[in-house]
Amino acid sequence: ASFTVSLHKMDNITVMIKLRPGVSSNCRMRIKNVIKSELKIKPGDNVTFTFTCSNPEKYFITEIQKNIDCVSGPCPFGDVHLYPPGLPHLNRTYIWDVKASTKAGLELKFSTPWLRQIEPGETCPDSISYNINSCIDKATVNIGTFCRNGSVSRVKLLGGVVMSLHLPWHSPLTTSGFNIANRASIKRLCIIESILKGESSITLMSPNYPLGFPEDELMTWQFVIPSNMRASVFFHNYSLSNCERKEERVEYYIPGSPSNPEVFKLSDSQPANIAGSFNMSLQGCDQDAQSPGILRLLFQVIVQHPQVDENVTHLVDLSKEKNMTVTIHLEGWPSHVPLVSEPICLICKDPRTCDRVLTLASGAVYRISFLCKDLSWLRITAEKTIICVDVRWCQRKIHSLSVPKAVTQLPIRLHKFIWKLLAPDLINIEITSPSLKLQQHVPEQRCNTSYSYSIVSATPETELNVGVFCPGGSIEKIQMRNNITISLKTFGKGFINESVHQDLKMSFVPHIKDECTFTVSPNPKAKVYLQTPNWPYGLPPYVSISWFMLVPSGHSARLAFSKERMGVVCETGRAYLNIKEEAAGAEETVRREDELLPQPRSMARHFWVNVSNCKPVDRTQLTLQFWVTFAVKQIDLGIILAVVAGAGVLTAIGLTVCCVKKKKKKTQNPMVGVYNSNVNTQMPGKKGLFTKGRQNNESHVYAVIDDAVVYGHLLKESNGSLTPEVDVYRPFDGPIGSLPPSPPPFSFRKDTKRSSNTEEEPPALMDTDHDTYTFAHQKSGQLQDNGDANGKDKGDTNVPLLESNEQDGLVE
C-alpha cells in the first residue's frame with residue numbers, strides 16, 4: 001500500500017519516519033524508485049511512499065512535531081488535533097512545542113478520563129502516555145509522565161511547554177485529549193490540579209523526579225475533593241538538598257484552618273482527615289554550589305468517607321512501661337505496604353495526625369482513634385527490652401514476660417510481642433513457666449494453642465534458634481548463655497482469654513556451662529517429645545545442650561531415640577551423647593557420633609541427657625530427637641525378702657553387741673569424759689522430722705573418747721615409731737548438692753575460673769583433643785546431698801575427667 005502525506009507551510013509541522021533504535025532490517029521505504037531507510041517531510045511537502053515489507057510497524061516509528069508560537073502571535077486556544085491525517089500505522093509520537101512568555105504562563109486542560117502520573121520506567125496499560133516538560137528560557141523541567149484514566153485535570157506552567165503524546169501503532173485514538181485553555185501568570189513553576197470523586201487514592205511526584213526539584217523553585221498541587229469526604233497525605237519517598245539559604249518545606253492551604261498556610265517539614269507527619277478541597281505547595285531552597293544534593297518527593301493522597309467511629313478514642317497508657325514500643329499497622333507490615341489504590345485503615349494520634357503505621361513509645365499516655373471500615377485489617381506489634389546493667393541488682397529481680405493490659409484492651413489483634421533480653425558477660429538468662437510449663441513444638445507433638453513463643457539465642461558467631469514453644473507442656477525451666485529474643489505470636493482470636501493465665505518469667509542468673517539447659521518436669525501420664533535446637537538445620541559447631549529430666553516419684557522413665565545415629569560426620573573434634581542418672585556411683589552411658597545410639601532404656605531416678613557437637617563436615621548436621629514415657633515402679637518380692645532377712649541379721653548383731661557391752665561394763669574401768677565446747681549440752685526440744693541434714697547437725701561430733709585416745713599425746717612424746725590414728729572429726733562445711741554433668745565445650749573454656757581453696761585442676765582440653773568428655777565428675781572425696789562420698793564413675797578410662805566447682809541457679 002502507498003501512503004501520501006501533504007503538509008501546509010502555515011502548519012509548522014514536520015514528520016520524520018525512521019527505523020526504531022537498535023533494530024536492523026531489510027525493510028525500507030521506496031519513493032519514486034528511490035530506496036530510503038529514513039524520510040523527513042517538511043512544511044509544504046507532498047510525499048507519496050511505500051514500504052518494501054508487509055509489516056513496517058515492527059521496524060519503523062513516526063515523530064510528528066508541531067511548533068506553536070504564543071509569544072509573537074495569537075495563541076491557538078482550544079482543542080489540539082492529531083495532524084496530519086493519512087499517516088501509516090506505526091508507533092507515533094506527537095510533539096507540540098509551544099513558545100510562551102514567563103509573564104504569561106500556559107494552561108493545559110485534559111478531557112476526561114483525565115491523567116494519572118506514573119514513575120519513570122513504569123508503562124501504561126494501554127501503552128498511551130503523555131509527557132509534559134516546562135521550558136523557562138533555555139532550561140527544561142520534566143513535570144512528569146502520565147497515563148490516561150486518572151485525576152489530573154489541568155496543568156498550569158510558567159513559560160513555554162513541550163507536550164508529547166505516544167501512541168502505539170494499533171491505537172484507535174483520533175484526538176489528542178487536551179487543549180490549550182488560556183494564558184495566565186502563575187509566579188511559580190507549575191500548578192497541577194487533581195479532582196477526586198468518591199473514595200480513591202492517587203500518587204504524585206515532584207518535577208524532575210527522581211533527579212531533583214529545581215533549585216529555589218515553588219510549585220503547587222490543587223486537590224478538589226467533595227466537602228463530605230476526608231483526605232489524608234502520606235509521604236513515601238523523599239530526599240533533601242543541601243541548603244545555603246531558606247529552608248525546604250511543604251505548605252498547606254486548608255479552608256477553615258486558623259493558621260493558613262500550615263507549614264510542615266518533609267520529615268513531619270503530614271495532615272490527615274482533611275475535610276474538603278485543599279492546596280499543597282513544595283518550596284525549594286538556595287543550594288550549596290559545591291554539594292547541591294537532591295530535593296525530590298513522592299507522595300500519596302487517600303480520600304475516603306468519614307468513619308462512624310472516628311470520634312471514638314482509645315486510651316493507651318504506657319506511662320509505667322520502660323524500654324517498650326507499640327506499633328499499630330496494617331497486616332503484612334513492614335515487608336508488604338504497597339501504594340494502594342483504595343481507601344485503607346488509618347490510625348490517628350489526634351484528628352489531623354493519622355498514618356497507616358503508628359508507633360507509640362513507653363513513658364506516655366495516648367488517646368488514639370481509627371479511620372477504618374474494618375479493624376480486622378489492623379495488627380499490633382510490640383517490643384520490650386530488658387537489660388541487666390547492675391549485676392548486684394538485676395539478679396534479685398524476676399521479670400514477668402506477659403503482654404500488658406494497655407495492649408490487650410485495644411480492639412486490635414496482637415500480631416507479635418517481642419522481648420529482647422540483654423545480659424552482661426558471665427551473667428546468663430533463665431526462662432521459667434512454673435504453672436503452665438512449656439511444650440516444644442515438634443512434628444509428633446504440635447502446638448494447638450492461640451499463641452506460641454519463638455526463642456532465639458544470639459551467640460557471638462551465629463544465631464541459635466532454640467525452638468518454638470507453647471504453654472501446657474513439661475519444660476519448667478530453660479537456661480541460656482547469651483542474649484535472647486523471645487517472640488510471642490498469636491493465632492486466631494482466643495489469645496485475649498488465654499493471655500490472662502500467662503506465667504512466663506525471666507531472671508538473670510550466674511554463668512552456666514552449656515549453651516542451653518532444659519529442666520523438664522513432666523506429668524507421669526505424659527509422653528514427652530524433645531529435640532535439639534536449630535531444628536532441622538542442626539546444632540552449631542562445638543555447642544553443648546543438656547536436658548535434666550525429673551522422674552515423678554514412684555515412677556520409672558523410659559528413654560528412647562527416634563533414630564539409630566546422630567547423623568553427623570566430624571571434621572574436627574568428636575560429637576558425644578551422654579546419659580547419666582543423678583545418683584552416687586551411677587553408670588554413665590557415652591556414645592560418639594560414629595557409634596549407634598543407645599537402645600530404649602529405663603531410668604529409675606532423675607537423669608541427664610547431654611549432646612555435644614563437633615565441627616561437622618559440609619552438609620552433615622547433628623539433629624537429635626528423643627522421647628520419654630513413665631510407668632509406676634513395680635516392687636520386687638525378692639527385694640522385700642532380702643530386706644526382711646537383712647533386718648533379722650542386723651537385729652541379731654545388735655543383741656550380741658548389747659550383751660558384750662553389758663559384760664564389758666562389769667569388768668572395765670569407766671569411760672573418761674572429755675569436755676568439748678562445740679557440743680550442745682542443752683536438753684533438745686521436740687523437733688520435726690528431717691529439719692536438719694547430717695552436714696549441719698552435731699550428732700557426728702564425739703563427746704566421749706576412749707582412754708587410748710585421751711593419752712595419745714604421750715605416745716607422740718615418746719619418739720615411738722608408731723603414730724596412733726587419732727583425730728577429732730570435723731563437720732563438712734563445703735557445698736552440698738549435685739552439679740549438672742556437662743562441662744563447657746571448647747569455645748566456652750575461657751569462662752572457667754580456678755577456685756583458690758580447691759586442689760589444682762587438670763589442664764583444659766585443647767582443640768586437638770578429639771575424645772571430648774561432656775560430663776563433669778566430682779572428685780572422689782566430695783560429698784553429695786546425702787552426705788556420702790561418690791565412688792569413681794565408670795566409663796571410658798581413656799577419657800580425661802573434668803572437674804567443676806560451679807553451681808548453677810538464681811542468686812537471690
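F223 is buried (under 20% relative accessible area, where over 50% is exposed and values in between are partly exposed, with a 1.4 Å probe and protein chains only), at a relative accessible area of 1%. The model is predicted, so that local features need pLDDT of at least 70 and side-chain atom pairs count only at pLDDT 80 or more, while totals for chains, interfaces and linings use all residues. Residues are numbered from 1 along each chain as its sequence is written, and side-chain values use heavy atoms, with hydrogens and water left out.

The structure contains 23 aromatic pairs, where rings of Phe, Tyr and Trp (its six-membered ring) pair if their centres lie within 6.5 Å, and planes under 30 degrees apart count as stacked, over 60 as edge-to-face and the rest as tilted. In one of them, the ring centres of F223 and F299 are 6.4 Å apart and the planes stand at 90 degrees, so the arrangement is edge-to-face. F223 belongs to strand β19 (residues 218-224) and F299 to strand β27 (residues 293-304), so the pair ties together parts 76 residues apart in sequence. F299 is also buried, with a relative accessible area of 0%. Both residues are members of one aromatic cluster, formed by W221, F223, F235, Y252, F264, F278 and F299.

The chain has six helices and 54 strands; helices (H or I, at least four residues) and strands (E, at least two) are DSSP runs, numbered from the N terminus. Of its 812 residues, 44% count as buried. The accessible surface of the chain is about 43,500 Å², and carbon and sulfur atoms make up 52% of that area, as computed by the Shrake-Rupley method with a 1.4 Å probe, with only the protein chains shown counting as cover for residues. Among contacts (heavy atoms within 4.5 Å) with a separation of 6 or more, 80% come from residues 24 or more positions apart.

Strand β12 (residues 129-136) has seven of its eight residues buried, so it is largely enclosed by the rest of the structure. Strands pair if DSSP finds at least two bridges between them. β12 pairs with strand β13 (residues 139-148) in the antiparallel sense over eight bridges, with N133 opposite N142. These two strands form a hairpin with two residues between them, and D137 in the turn has a positive phi of about 55 degrees. β12 also runs antiparallel to strand β15 (residues 160-167), joined by seven bridges; S164 in β15 is the bridge partner of N131.

An open sheet of four strands has the order β28-β33-β30-β31 and antiparallel pairing. Its edge strands, β28 (314-317) and β31 (353-355), each pair on one side only. Strand β30 (residues 346-350) pairs with β31 over three antiparallel bridges, and C348 stands opposite C354 in β31.

Q531 lies in strand β45 (residues 528-531) and is buried, with a relative accessible area of 4%. The side chains of Q531 and Q625 make a polar contact at 3.2 Å, a term for a pair of N or O atoms within 3.5 Å; within protein, one must be able to donate a hydrogen and the other to accept it, and residues adjacent in sequence count only if both atoms are side-chain atoms. Apart from neighbours within four places in sequence, Q531 is in contact with Q440, H441, V442, P443, W547, L624 and Q625. N534 sits in the loop between β45 and β46 (544-549) and counts as buried at 16% relative accessibility. Residues up to four places away in sequence not counted, N534 touches E463, L464, N465 and P540.
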